[in-house]
Amino acid sequence: MAVYLTGDTHGMVGSKDFDRFEVWNFPEGAKLTRDDYLIVLGDFGMPSDLFDSDHDLRSLAAKPWTALFIDGNHEHFDYLNHLKIEKWHGGAVHRYPRYENIVHLMRGEVYDIGGYSFFCMGGAQSIDKAIQQSWGTWFPEEMPDEAEYANARKNLARYGWRVDFVLSHTCATRYLAEAIGDKGFIGVGAVNDELTDFLDEVEDKLEYRHWFCGHFHRDCNIDSRHTVLYRSIVDLEDYL
Ligand SMILES: [Fe+2]
């Protein structure tokens, strides 16, 4: 079993994103099976519109692997939150009705994948909220609610606050400046909120090997145990 990770896909509609998983960018993908996983770290964004023209999902579902994703801030939550919830590898997931190999890893859940435990905490605050609101693509569900924080704390307690990997969209408050970097994040500085503060609490209490996040639209290692991903596709084996 192989596990690969990548950052925001934004519905695969961008000119630099539509072919991220094609063989010239991701040759390893051609050798994978349904028992191998590619994880998108939020801002998955598919379907890319609300009218069910799911060509993006169809093209992803045609790949030989299983695509897993946590949610980010740019998702169609009206669509996601109406999907069927099932149990999958020890945690709750949303399943797309027609695509068995596309699975939404839900907030606060812990999954056992290939003998490794993964704590997942999607969501983030949109810094482009005003634009998204004018397009009708902003949803208050981009940020976790109290029940989702409580679910996370309950599941982490069940695991004795010890997992192998953490997958989040944004990062803990203490790493925001590093994650954003010198150039700023689309011209915006650190956005400290209750979710980044919650992730700070997780940093204090949780034992883990490595933490991966998306959101910041750059690829970098903050330190030896924190990786920010965007268009890079990395092999989990390199972080074991
Ligand atoms: Fe994004």
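Me: Which residues line the second largest cavity?
Reply: This is a predicted model, and it holds two cavities of 30 Å³ or more. The second largest cavity has a volume of about 40 Å³. The residues that line this second largest cavity are Phe44, Gly45, Met46, Pro47, Glu75, His76, Leu80 and Tyr96.

Me: How do the residues of that lining divide into nonpolar, polar and charged?
Reply: Gly counts as polar and Tyr as nonpolar under the classes applied here, and both kinds of residue occur in the lining, as Gly45 and Tyr96. The lining of the second largest cavity therefore divides into five nonpolar, two polar and one charged.

Me: Is the peptide bond from Met46 to Pro47 cis or trans?
Reply: Met46 and Pro47 are among the residues that line the second largest cavity, and Pro47 has its place in the loop between S2 and H1. The omega angle of the peptide bond from Met46 to Pro47 is near 5°, and the bond is cis.

Me: What is the phi of Asp43, and is Asp43 buried or exposed?
Reply: Asp43 is found in the loop between S2 and H1, and its phi is near 50°, a positive value in a residue other than glycine. The relative accessible area of Asp43 is 2%, and the cut-off for burial is under 20%, so Asp43 counts as buried.

Me: How are the rings of Phe44 and Phe69 arranged?
Reply: A search of the whole structure finds 16 aromatic pairs. In the pair of Phe44 and Phe69, the ring centres are 3.8 Å apart and the planes stand at 10°. Planes under 30 degrees apart count as stacked, so the arrangement of this pair is stacked.

Me: How many residues apart in sequence are the parts that the pair of Phe44 and Phe69 ties together?
Reply: Both Phe44 and Phe69 are buried. Phe44 lies in the loop between strand S2 (37–41) and helix H1 (55–61), whereas Phe69 lies in strand S3 (residues 66–70), so the pair ties together parts whose separation in sequence is 25 residues.

Me: Which kind of aromatic pair do Phe165 and Phe212 form?
Reply: The rings of Phe165 and Phe212 lie 6.3 Å from centre to centre, with 40° between the planes. Phe165 belongs to strand S9 (residues 165–168) and Phe212 to strand S10 (residues 210–213), so the pair ties together parts that are 47 residues apart in sequence. Phe165 counts as buried at 0% relative accessibility, and Phe212 is likewise buried, with a relative accessible area of 0%. The kind of pair that Phe165 and Phe212 form is tilted.

Me: Which residues do ring pairs link into a cluster with Phe165 and Phe212?
Reply: Phe165 and Phe212 form an aromatic pair, and ring pairs link both of these residues into a cluster with others.

Me: In which sense do S9 and S10 pair, parallel or antiparallel?
Reply: S9 and S10 pair over four bridges. Across these strands Val166 stands opposite Trp211, while Leu167 stands opposite Phe212. The sense in which S9 and S10 pair is parallel.

Me: Which residue of S9 is the bridge partner of Cys120?
Reply: Strand S8 (residues 116–121) is joined to S9 by four bridges, and the two run parallel. Both faces of S9 are covered, with Phe165 and Leu167 on one side and Val166 and Ser168 on the other, all of them buried. The bridge partner of Cys120 in S9 is Leu167.

Me: Which residue of S12 is the bridge partner of Cys213?
Reply: His210 and Phe212 point one way from S10, Trp211 and Cys213 point the other way, and all are buried. Three bridges join S10 to strand S12 (residues 226–228), and these strands run parallel. The bridge partner of Cys213 in S12 is Val228.

Me: Over the ring of which residue does the charged end of Arg225 sit?
Reply: Lys129 lies over the face of Trp138, at 4.5 Å from the ring centre. The charged end of Arg225 sits 4.3 Å from the centre of another ring, that of Tyr208.

How values were computed. Residues numbered from 1 in each chain as written. Predicted model: local features only at pLDDT ≥ 70, side-chain atom pairs only at ≥ 80, totals over all residues. Heavy atoms only, no water. 1 Å grid on protein atoms, 1.4 Å probe; cavity = no way out; pocket = protein on both sides within 12 Å on 5 of 7 lines; lining within 4 Å. Points joined across faces, edges and corners; volume = space filled by probe spheres on them. Phe/Tyr/Trp six-rings, centres within 6.5 Å; stacked < 30°, edge-to-face > 60°. Buried < 20%, exposed > 50% of the residue type's maximum accessible area, 1.4 Å probe, protein only. Lys NZ or Arg CZ within 6 Å of the ring centre and 35° of its normal. Pairing = 2+ DSSP bridges.
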